[in-house]
Amino acid sequence: MRESTIMKIHYGTALAAVALVAVHILMRLTQGFAESLEYENVLANYKFIPYAAMLELILILLSVHGFNGLRVILLELKQGRIYEKAVSYGCLAAMIGLIAYGSRTIIMTNMGMV
Amino acid sequence: MAQVSSISNEQTSPTSKLITLRISRFNPEHDESSGFMEFSVSYEKWTTVLEAILDVKKHHDHSVGVRYSCRQATCGSCGMIINGKPRLACFTKISELNSDVVTVEPMNNFPIIRDLAVKFEKLFDTHQKIKPYLIRDDTEIESNEKEFLQSPEEVEQYIQFANCIKCGLCNSACPTMATDSSFVGPQALAQAYRYVADSRDKGKDSRLKIIDDSHGIWRCHFAGSCSQVCPKGVDPAMGIQLLRGYMLGFRS
């Protein structure tokens, strides 16, 4: 993938994440902070499909943005063909791994398996 | 390696003052680390740092390695770090530094040849890589018109970037160049913009493709140091941002 395409995704995910995290914070403000962290309320959030979908989207956006940011930092620290390939594929694998693990949590909770 | 030497005062005038000139000395062929030699040099209000270094070479240590040519900020040969900032030695008056000690070191982010002289190969390579010439299918000879006319507004788009003298000060000041040895650098990126913004040029796509690399335009963090140190008033940081506009589709 061309670097300009990657960076467009990078900037796009940042903007979208800011908007969705703002919505997420606003929704947390509908109840007290301690109350929102109670076990039953957290489970209820995951079972509410539109909200669970938004959390899934935030997870994807932040993972893509964060791991690409990490890739950029690591590419600037050291150069070399093998190192750069390892960093790029390593960050991609970590991004997929985190999204898979987070999605598993959201899906399992949503389906009442937790 | 520190050494204090006093220059012969036979040519000094009553208005001259003295400064301590600290010159970085390093020969990669036999030195393990760099050190400084100190010289006491007299100067007038118009004396430049280059003239002070040449004074040292003439009267005390002819082995000081320094590159220079035009002495009028045109050739871009005498770039060095003067009191911590990249500057042209021929364009920097000692009196303007407001310091009794003037320290001169080789430019950062360049391999050292000896003392204050650095290798420019990578700068010229990256400059050449972005195709620093007008690309078109036709030529002036084949065209019916005698020349490719431009309006003043079209010239205004790129003219400041045509003032680049390839002195390397912007690359020396760039924090990304300090960590990313493969980064194309502000000099080449500013020149890429100079030709992309030229209404006579038709090579925009090929140039944008060259700089759209993992060590290309996207690695600029817009520190702005390049623009701050340019002795010719070029603003590479702005050129890079305008170039990004083309990459992101905001400009065409």
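How many residues of helix α6 (residues 186-196) of chain B are buried? Keep that in mind while we set up the view.

You're looking at a predicted model, where local features need pLDDT of at least 70, side-chain atom pairs count only at pLDDT 80 or more, and totals for chains, interfaces and linings use all residues. Residues are numbered from 1 along each chain as its sequence is written, while chains are lettered from A and ligands numbered from 1 in the order in which they are written.

**Stop 1: a covered helix**

Select residues 186-196 of chain B. This is α6(B), and 11 of its 11 residues are buried. (Buried means that 20 or more other C-beta atoms lie within 10 Å of the residue's own; 12 or fewer makes it exposed, and in between it is partly exposed, with C-beta atoms placed from the backbone.) Among the buried residues are B:L189, B:Y193 and B:V196. Now show the neighbours: the buried residues of α6(B) pack against α2 (121-129), α4 (169-173), α7 (204-211), α8 (225-229) and α9 (236-248) of chain B. Helices here are DSSP runs of H or I with at least four residues, strands are E runs of at least two, and both are numbered from the N terminus.

**Stop 2: two domains**

Colour chain B in two parts: domain 1 (4-118) and domain 2 (121-248). These bounds come from an automatic or database domain assignment. The C-alpha centres of the two domains of chain B lie 31 Å apart. Their contact takes 14 residues from domain 1 and 13 residues from domain 2; two residues are in contact if their C-beta atoms, placed from the backbone, lie within 7 Å. On the domain 1 side, strand β5 (residues 85-88) of chain B gives the largest share, four residues.

**Stop 3: a hairpin**

Click B:I81 and you'll find its bridge partner in β5(B), B:P86. The strands form a hairpin with two residues between them, and B:N83 in the turn has a positive phi of about 50°.

**Stop 4: one strand, two partners**

Next, pick strand β2 (residues 17-25) of chain B. With strand β3 (residues 35-43) of chain B, β2(B) pairs in the antiparallel sense over nine bridges, and B:L18 stands opposite B:S42. With strand β6 (residues 101-105) of chain B, β2(B) pairs in the parallel sense over four bridges; here B:L21 has B:V102 as its bridge partner.

Between β2 and β3 of chain B there's a loop, and B:N27 is in it. B:N27 is partly exposed, because 13 other C-beta atoms lie within 10 Å.

**Stop 5: over to chain A**

Show both chains: 10 residues of chain A are in contact with 13 residues of chain B. On the chain A side, α1 (3-28) and α4 (49-77) each supply at least two residues, and α1(A) gives the most, with four residues.

Last, select helix α3 (residues 39-47) and helix α5 (residues 81-110), both of chain A. Their axes come within 8 Å and cross at roughly 95°. The contact is made by A:L43, A:Y46 and A:K47 of α3(A) with A:I106, A:T109 and A:N110 of α5(A).

Definitions and conventions. Axes are lines fitted to C-alpha atoms, for helices over the stretch in contact, and angles run from 0 to 180 degrees between N-to-C directions. Two strands pair if DSSP finds at least two bridges between them.
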